[in-house]
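Thanks for coming. I will go through a few helix contacts, then stop.

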Amino acid sequence: MNAIDLLEKQHREVEELFEEFESAGDGAKKTKERLCSKISDHLAVHAEIEEKLFYPEAKQEKTEDILRESVEEHLAMKRVLADILEGGTDDEQFMARMKVLQEQVEHHVEEEERELFPKVRKSCSKEELEDLGNRMETLAEELFAEGEPSKHVPDQTDHAPEI
Ligand SMILES: [Fe+2]
């Protein structure tokens, strides 16, 4: 699958999960717990395949500034995510943290789709994007198969990864 199509598909999936979370009723504790861990795992996998595979491939003079901003945004998201995972759903800040996370994700997704992806589509061939997408899909499957991919997030909150 084309790498950018894959990332956009994942963006839509996470947006839908946040919408489901938002529309879960006040008392729907179990539903919120389930959706929160699904959102956490999806974001962890998404960040990992971008940082490990997509960003290095996308790196060039024209995208370097955007990518530096992107990894800082990932770091900010991971820090909120780590607080969510640590505090759990009973923490009185839980809903506020989920809201902040959602806003960060929306901003990040918007920027990638508006600024980064068009540049990468221009600089990479269809074949390159197809090959990259296949490798990203494989890594994503492996991370999900390992189970609970979000468990690594609290160890990734010191600094943004090198790109
Ligand atoms: Fe990203």
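At roughly what angle do the axes of H1 and H4 cross, and within what distance do they come? This is a predicted model, in which local features need pLDDT of at least 70, side-chain atom pairs count only at pLDDT 80 or more, and totals for chains, interfaces and linings use all residues. Residues are numbered from 1 along each chain as its sequence is written.

To the question: the axes of helix H1 (residues 3-23) and H4 cross at roughly 160 degrees and come within 11 Å. H1 is therefore roughly antiparallel to H4, a label for angles over 145 degrees. Axes here are lines fitted to C-alpha atoms, for helices over the stretch in contact, with angles running from 0 to 180 degrees between N-to-C directions. Helices are DSSP runs of H or I, at least four residues, numbered from the N terminus.

On the H1 side, the contact involves Ile4, Glu8, His11, Val14, Phe18 and Phe21. Their partners in H4 include Met98, Val105, Phe117 and Arg121; contact means C-beta atoms, placed from the backbone, within 7 Å.

Next, H3. The end C-alpha atoms of this helix, residues 64-87, are 35 Å apart, which agrees with the 34 Å that its 24 residues should span at 1.5 Å a residue; the expected span is 1.5 Å times one less than the number of residues. Its buried residues, with 20 or more other C-beta atoms within 10 Å of their own, include Leu67, His74, Lys78 and Ile84. The buried residues of H3 pack against helix H2 (29-58) and helix H4 (94-123). After H3 comes Gly88, with a positive phi near 75 degrees.

Methods: Helix = DSSP H or I, 4+ residues; strand = E, 2+ residues; numbered from the N terminus. Buried ≥ 20, exposed ≤ 12 C-beta atoms within 10 Å, placed from the backbone. Contact = placed C-beta atoms within 7 Å. Parallel < 35°, antiparallel > 145°, perpendicular 65-115°, else oblique.
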